[in-house]
Amino acid sequence: MASPSPKSPEQSEKNKQYDRQLRLWGDHGQAALENGHICLINATALGTEILKSIVLPGVGAVTIVDHNIVSDEDIGCNFFLECSSKGLNRGSETLRLLLELNPAVQGHAVYEPAEQILRDNPDFFKSFSVVIATSIPEKTIQDLAQHLWDINIPFVLCRSVGFLGSFRIQMKEHTIIETHPENEQIDLRLDVPFPVLAEYLDAFNIDAADLKDHGHIPWIVILYKAVQKWQKTNQNRWPMSRKEKNEIKDIIREFIKKDENGLPIEEENFEEALRAVNTALVPTFLPVKIQDLIYSSSAINLTKESSPFWIMCSALKGFVEAEGKGKLPLRGVLPDMTTSTEHYVKLQSIYRAQAVMEAEIVYRKVQEIVGQLHCDSISEADVKLFCRHAYDLHLIKGSNIVEEYRLGNAVTSYIGRYLEEPDVMMVHYILLRSAEKFQSEHCRAPGEWEPEGDIAKLKTCVTKLLSDISCTPFPKDDHIHEMCRYGGAEIHSVSAFLGGCIAHEAIKIITKQYKPVNNTFIYDGASTNTATFTF
C-alpha cells in the first residue's frame, strides 16, 4: 500500500480568501493593497461597480464623497441600492451594502460636494492612494485634476453614458518594478559565464556520458557545448542570425546518441535544447529602455525627496559601470528542464548564489546613497526584488488633464490625426467631451428632457469642439442622435464592465505591479470595441 502524500501547510483564512489574487501580485502586493485608501466621488452605478471590484480583493479603506439623494433612476441602474434607500444619502447607502462584501475593509461617507471640499478643505485629498471621480461637472474636473496634480495624487476620471464609457488616468510619474511581462527574457549568461558557472559547464563531456547520464544533461549545458563547438570555426563569434542558429541546432543533433540501427534515440533534454536555441541564445546586453532610466536626470540628480526607485536606479548605474561591466545583475531564475534532481539543484544554486552576491553589491551602493542623502532607508528585500526585475523596469510620465481640456497644439494635432481615420473610437471621445460641455451649459445631460430638441444644441457643442481642434464637422449626425437618445442614463452592464476595468487599473497603481493604461481608455458597448489613447 502506497504511503499517503504529505499534507500541504494549512492556509490561514485570509490566504484562503485571497488565494487567487496572491498568485497574481504576491503577499507584498496584497500588503500594499491593504494599506491603500481609495476615494470615490459620486456613487453612481459606475462608481459603485468600481468600488465593488476593489473592496472584494481587500483594499484597506474606501471613502465615498457624495451629497446626492437616492432617486428612482439610481435604484434602477445601481444594484447596491434598495427601494428603501430612496430619499437617503446615496454615498452612505451604497457604502453600507458594499462593505458587506468584505468586512475587513473600512468605509467612510462624506456628504459634501467635491467642489465644496476643494474650496474649504483641499488637504482632504492628500491621504488617498487614488482618487476616482464619476459624473462631475467640467469645471470641477479641471479644478480637481489640477489640485491632485499639484499634490501628486493619482486621479482617474470616469464616464459611463448609454453604451459609451471611458476613463482617463492622470499621474505625474508612475514607476513599476514588477511589470509581469508575458514573455520574460531568460538570463543565462551563456555568452559571458561567470567563473563558477563556466567551471560547472566545462566539467561536462557529452560524448563520454553513458546513455542514462546523457539523457539527464541539462539543456543549458547542451547549448553551451554546441556554441563552443560552433565558435571554433567562426572566430569565437556569438550566433545571431537564423542561419547561424540553425547550424547550432545541427550540432545539437550530432550530440544525440544513436541506436544500433544508427537512428537517433529520443531524449527529451536534447529536444528541449533544440527548442531553446532561439530564446536562450540571446547575448547579454543592457536594454536601451533601462539605460535611459539609469542615466536619466532623476537617477543622477538625487535629492532627499527622491523616491526609492530612483535611488535604486542610481545604485544600479554604479553596478553596471563597475562590477557588472556593462551588464545588469543576474536574475537568478532557472527555467524548468529535463534533468536529474542533482544537476538541477546544483545549477539552481549556482545561479541563485551569483544573483544574491550581485544584489548585495547593489544593496551596499543603495546604503551609501541613503547615507549621503540622509533619507529613509530601503530594505534589502526591496533591493533584491529590484535587481530580480531590473530588465523589465518601467516608467510612465503622465500628463495633466487640465492641459488636455485647454486643447493645446500637441493635444489638437493628436486628436485630429486620429479623426482622419474612418470609424475611429476618437469620435466617441469627442461626443463624451461635448456631452460634458452641454451639461455645463444647460445643467442637464443631452436628451434628458427633450431628446429631439437637444440634438441641435449638442451638435453645436460638437461643432465648437471640432473647430477648436481645427477639424471639419462630422459628415453624419448619427452619433449625436444616439448620444441624445441615451439621455445621460447609465446602462448597468456597461458600467459593470467598465467598473471592473477601472478597478484593475486602480489596483495596478496601488500595488505598483503590472502596467496601467497610459492614459485614456474608450469603450463602445454597442460594437464591443475598445481603444487606448495617450493625451
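**Overview. Salt bridges in the predicted model.** The count of salt bridges comes to 32. The structure is a predicted model, and the views below show some of these contacts.

**View 1. Salt bridge between arginine 237 and glutamate 244.** The two side chains meet in a salt bridge, with an N to O distance of 2.7 Å. Arginine 237 has a relative accessible area of 34%, which lies between the limits of 20% and 50% and therefore makes this residue partly exposed. Glutamate 244 counts as buried, at 14% relative accessibility.

**View 2. Salt bridge between arginine 331 and aspartate 392.** The side chains of arginine 331 and aspartate 392 meet at 3.5 Å, N to O. This pair links distant parts of the chain, 61 residues apart. Arginine 331 lies in the loop between helix H15 (308-321) and helix H16 (341-373), and aspartate 392 lies in the loop between helix H17 (380-388) and strand E8 (394-397). Both arginine 331 and aspartate 392 are buried.

View 3. Arg331 and Asp392 belong to a network of salt bridges. Glu184 and Arg388 are also linked in this network.

**View 4. Salt bridge between lysine 464 and aspartate 468.** The closest N and O atoms of lysine 464 and aspartate 468 are 2.9 Å apart, and the two residues form a salt bridge. Lysine 464 and aspartate 468 are both in helix H21 (residues 454-468). They are 4 residues apart, which means a separation of about one helical turn. Aspartate 468 is partly exposed, with a relative accessibility of 35%.

Key. Residues are numbered from 1 along each chain as its sequence is written. This is a predicted model: local features need pLDDT of at least 70, side-chain atom pairs count only at pLDDT 80 or more; totals for chains, interfaces and linings use all residues. Side-chain values use heavy atoms; hydrogens and water are left out. A salt bridge is a side-chain nitrogen of Lys or Arg within 4 Å of a carboxyl oxygen of Asp or Glu. Buried means under 20% relative accessible area, exposed over 50%, partly exposed in between (1.4 Å probe, protein chains only). Helices (H or I, at least four residues) and strands (E, at least two) are DSSP runs, numbered from the N terminus.
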